[in-house]
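Open the model in your viewer and switch to a cartoon view. This tour tells you what to select at each stop.

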Amino acid sequence: MPLGLIIGLGRAMRRKRTSSLNILSSKRGPRDYYKGKNCKPTGFHTRKGGYVVMDEKLPRYVVPDLTDFKLKPYVSQCPRDATATSTSADSAASADAAN
């Protein structure tokens, strides 16, 4: 009975992994382990230590023609409140109409 209690306490006190990312990293793995960054290779290694880049493995980005596009390419991280600017413009217009 006491042995089962001690084993149960030991299991409860054992540290559990919070996510699957902590399971194996290049620091915890063997000396020659390389985990990578989830990217596809763009070529292959040669026997003499070189690297050959294959054109069909390179990513292709299709960008449309944006010459007559109305929006600007930059979007602000802190946009202004649209209702606050419209109410101030409305109050300024009504003040001009009263004068």
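Colour the chain by secondary structure and follow it from the N terminus: the elements run α-β-β-α. That comes to 2 helices and 2 strands. Both kinds are DSSP runs, numbered from the N terminus: helices (H or I) have at least four residues, strands (E) at least two. The model is predicted, so to say: local features need pLDDT of at least 70, side-chain atom pairs count only at pLDDT 80 or more, and totals for chains, interfaces and linings use all residues. Residues are numbered from 1 along each chain as its sequence is written, and side-chain values use heavy atoms, with hydrogens and water left out.

Now show the surface. The chain has about 10500 Å² of accessible surface, and 59% of that belongs to carbon and sulfur atoms. Accessible areas come from the Shrake-Rupley method with a 1.4 Å probe; for residues, only the protein chains shown count as cover. How many of the 99 residues count as buried? The share is 2%. Buried means under 20% relative accessible area, exposed over 50%, and partly exposed in between (1.4 Å probe, protein chains only).

Next, select Tyr51, Val53 and Leu58. Together they form a nonpolar patch on the surface, with about 250 Å² of accessible area. Patch residues have over 30% relative accessible area and no salt bridge; nonpolar side chains (Val, Leu, Ile, Met, Phe, Trp, Tyr) are joined within 5 Å, like charges within 9 Å. Val53 sits in strand E2, residues 51–53.

Step on to Met54. Here you are in the loop between E2 and helix H2 (82–98). Met54 counts as partly exposed because its relative accessibility is 24%. Which residues does Met54 contact, leaving aside neighbours within four places in sequence? They are Thr42, Gly43 and Phe44. Contact means heavy atoms within 4.5 Å.

Select Asp55 and Arg60. Asp55 forms a salt bridge with Arg60, and the closest N and O atoms are 3.0 Å apart. The term means a side-chain nitrogen of Lys or Arg within 4 Å of a carboxyl oxygen of Asp or Glu. The structure holds 1 salt bridge. Asp55 is partly exposed at 46%, while Arg60 is exposed at 57%.

Finish with the cysteines Cys39 and Cys78. Cys39 is exposed at 62%; Cys78 is exposed at 66%. The structure holds 0 disulfides, a disulfide being a pair of cysteine sulfur atoms within 2.5 Å.
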